[in-house]
Amino acid sequence: MNESRGAILERVRSGRLGAPVESRPVLPTPIPTKDSSSLLDRFVQEAETVGAIVHRSDRRELSVEIVLRVLGDAGVNRLISWEPNDLPIPELTKAAVDNGVQLVSPPTPAKAKTISREWAAMATADAGLTGAVGGLADTGTIVLCSGPGRPRLTWLLPPLHVVVLHSSLVHPTLSAFMEECGELFRCSSHVAFVTGPSRTADIEQTLTIGVHGPKEVHILLVDHDCNPIKESEAAQAATGSGETGDRMSKNDLVQ
Amino acid sequence: MNSPLMSFQQRVSHALADGQLRVALDRTTERFTLKRVAGLASLPDADVVRDRARSIRLHTLSRLDEYLEQFEANVTSVGGQVHWASDAQEANEIVLDLARSRSVKRVVKSKSMVSEEIELNQALISGGLDVVESDLGEYIIQLAGETPSHIIAPAVHKTREQIGQLLADKLGVPMTDDPVEMTATARSALRDVFLQSEMGVSGVNFGVASTGSLAIVTNEGNASLTVTAPRIHVAMMGIERVVPTLDDLAVMLLVLARSATGQKLTVYTDLLTGPRRGDPDGPEELHVVLLDNGRSRLVGTEVGEVLACIRCGACLNACPVYQQIGGHAYGSVYSGPIGAVLTPSLDREGPWHELPEASSLCGACREVCPVRIDIPRMLLALRAETVRSGKANQWVRIVFWLYRIAATKPRLFRCGVSVVRQLTRMFFVNGWLLRLPSPLSSWTQSREFPVIASRTFSEEMRDREEGSGDE
């Protein structure tokens, strides 16, 4: 293996000797001004274009009501939820349970050294409940990151995915997000940019929704105060490198 | 790469005679082309972004060894392992060894052109493992025992009726031609595969040198599941697929999906940085297999630019030759204009010298390429190489030899033209020649040959000049 490593690198090196080194491109990616109202409108419009369903709320009670209604309308009996402290609105999990929904947990508790991979129970869930660390306005994308209380299968396995996104976390573009939240990738081993429900066009180019991932994605875009997900490395990263986390804490202070 | 059984000519004839294939190709390539145009139109300044994407790729290639070392160091620092493979056999052995030493029995795969290139599935299956493709298109062609015919739409050559019949035969479900029902069938069949496999094998769209992250994009979400549920994740990556930073990655992602399917971003764009860290799911182990297989040799050569390719498939859809013959006629996993450059360049000993001829050099591929790869220039370079190495068709060599003599002696050229004109006039029907003797008959078998004009361009010009002189 080491032999190949040396040989490959040597061939690459000897090939590029004599060839000009292309200069490092300058990347002054133009970032549109963060005019928040039009930014959010753009996010909603793009997310709906790719088939997500967006709900907006400016009150915590209303947000809980909306989530319960979405779960109820879809006839959800079994729910996988992120740990309450990892959700922007921790009381959502309890509200769902009080409403008669059964919680399905990952087979192994968070932070365990080795995990059981008996996913069968999780696969029976009708819905997954998560919180986004970001949104991208120009593509209608939500950004999710894995962590101890944030299993990835929550946004992948169930046919319905409900995700809470705070409006202050919406960035204009992917480039802007990378610039502000680059540290995120050092703290989370799986950062997912999800743009609408799972889809395929592999059979005669006919668009079909929900092939492996969720058929429905509901985004709850909230303006009210939120839990800044303090326990998570993700929030620390976001707070450290950008204004997003600060904004959320400010909201908390106002409250 | 395995050599195909039929000759290139036979494969082309075969494809041209396949009516269903022609219909499928017509529909798909046109739709992809229109979507690409709409996708790029949604970028405020697509040309500037493409220029930037190109310069990122060329810059990376010009310092590839440094970026590879940086990438390796960062993958390692986040707990992943990097394996270097000089060729297909070594790569296959690495994966097989990983599987054996960890008692893996079931492997779930998401789409990876590199694994098609090295025929990883066959290697793993011969090693006694169960291997299932999870991309819907790949799953279909795996059931059919075929190979992909398009980089991003592997089952593009099959009609819905053929797929319905295939699922009915192989899975014992009722026959249907409804894509929604067929997709639901595949979803439930593949669920257990994702959840019960011990190893997930994926491709890599880009490896980020500065963080050691792997970027993997899909629309179905099958790669996300492949790299989450199984205990071990093995990522197959060509050595050329590095980008320096996350900012560079963001630029590449701006053009990748738009050029491929016209989407602004694929549904799932996953950035994976090392194995799980106290998470309740995700892989315990992350292995990156860096494959050379002929790539490093191309750095700094006439065809080195082919390494800038990001595998969007836009040049396939735009190519008038691909539109007629489809992917299988190319005989290797990489088809279309990019395949006609890549295949003979990676596998110099293989029977691929005719592939660069499968182009009219119209330049449509270069026009649509998100990183503006000059494919026609490289096709010409490869053709010249074929002539130099003596592999070119005898008749073509003789004709061009005669042409060179004639073209450098104007009197002889004029004389030759008038002889050929007289000859063709004896046989033409309504201005067209319907049949020519061998070897020219291969032209008239499928189309007519026009009669040479009664007056040549230079004769016309001479008359004009004389005429204007009279005035």
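## The parallel sheet of chain B

Six strands of chain B make up an open sheet in the order β1-β10-β7-β4-β2-β3, and the pairing is parallel. Strands here are DSSP runs of E with at least two residues, helices are runs of H or I with at least four, and both are numbered from the N terminus. Two strands count as paired if DSSP finds at least two bridges between them. At the edges sit β1 (81-85) and β3 (130-133) of chain B, each pairing on one side only. Neighbouring strands of this sheet are turned by 20 degrees against each other on average, direction ignored; the axes behind that value are lines fitted to C-alpha atoms, for helices over the stretch in contact, with angles running from 0 to 180 degrees between N-to-C directions.

For one pair in detail, take strand β7 (residues 232-238) of chain B and strand β10 (residues 285-291) of chain B: they run parallel and are joined by 7 bridges. In that pairing, A235(B) has V288(B) of β10(B) opposite.

A word on the model itself: it is predicted, so local features need pLDDT of at least 70 and side-chain atom pairs count only at pLDDT 80 or more, while totals for chains, interfaces and linings use all residues. Residues are numbered from 1 along each chain as its sequence is written, with chains lettered from A and ligands numbered from 1 in the order in which they are written.

## Helix α4 of chain B

Helix α4 (residues 64-77) of chain B has 14 residues, and at 1.5 Å a residue it should span 20 Å; the end C-alpha atoms are 20 Å apart, which agrees. The expected span is 1.5 Å times one less than the number of residues.

Which residues of α4(B) are buried? They are L64(B), Y67(B), L68(B), F71(B), E72(B), N74(B) and V75(B). Buried means that 20 or more other C-beta atoms lie within 10 Å of a residue's own, exposed means 12 or fewer, and partly exposed is in between, with C-beta atoms placed from the backbone. The buried residues of α4(B) pack against elements of both chains: α1 (2-16) of chain A, plus α3 (46-62), β1, β5 (206-208), β8 and β10 of chain B.

## Chain A and its strand β12

Chain A holds 10 helices and 12 strands, and buried residues make up 51% of its 255 residues. Among its contacts between residues at least 6 apart in sequence, 77% join residues at least 24 apart. A contact here means C-beta atoms, placed from the backbone, within 7 Å.

Strand β12 (residues 216-222) of chain A is mostly covered, with 6 of its 7 residues buried. It pairs in the parallel sense with strand β1 (residues 53-57) of chain A over 5 bridges, where V54(A) has I219(A) as its bridge partner. β12(A) also pairs in the parallel sense with strand β7 (residues 160-166) of chain A, over 7 bridges; there H161(A) stands opposite V217(A).

## Where the chains meet

The contact between the chains takes 77 residues from chain B and 65 residues from chain A. On the chain B side, helix α10 (residues 179-196) gives the most, with 9 residues. By class, that side has 32 nonpolar, 25 polar and 20 charged residues. Nonpolar covers Ala, Val, Leu, Ile, Met, Phe, Trp, Tyr, Cys and Pro, charged covers Asp, Glu, Lys and Arg, and the others, Gly among them, are polar.

One residue to look at is L174(A), which lies in helix α7 (residues 174-181) of chain A. L174(A) is buried because 26 other C-beta atoms lie within 10 Å. Leaving aside neighbours within four places in sequence, L174(A) is in contact with L136(A), T139(A), A250(B) and L253(B). L136(A) is 38 residues away from L174(A) in sequence but 6.2 Å away in space, C-alpha to C-alpha.

## A sheet shared by both chains

An open sheet of 8 strands, with mixed pairing, runs in the order β8(A)-β5(A)-β6(A)-β9(A)-β9(B)-β6(B)-β5(B)-β8(B). Its edge strands are β8 (170-171) of chain A and β8 (242-243) of chain B, each pairing on one side only.

How many bridges join strand β9 of chain A to strand β9 of chain B? There are 5, between residues 190-194 of chain A and residues 268-272 of chain B, and the strands run antiparallel. H190(A) stands opposite L272(B) there. Within chain B, strand β6 (residues 213-218) is joined to β9(B) by 5 bridges, again antiparallel, with I216(B) opposite D270(B).

Technical notes. Contact = placed C-beta atoms within 7 Å.
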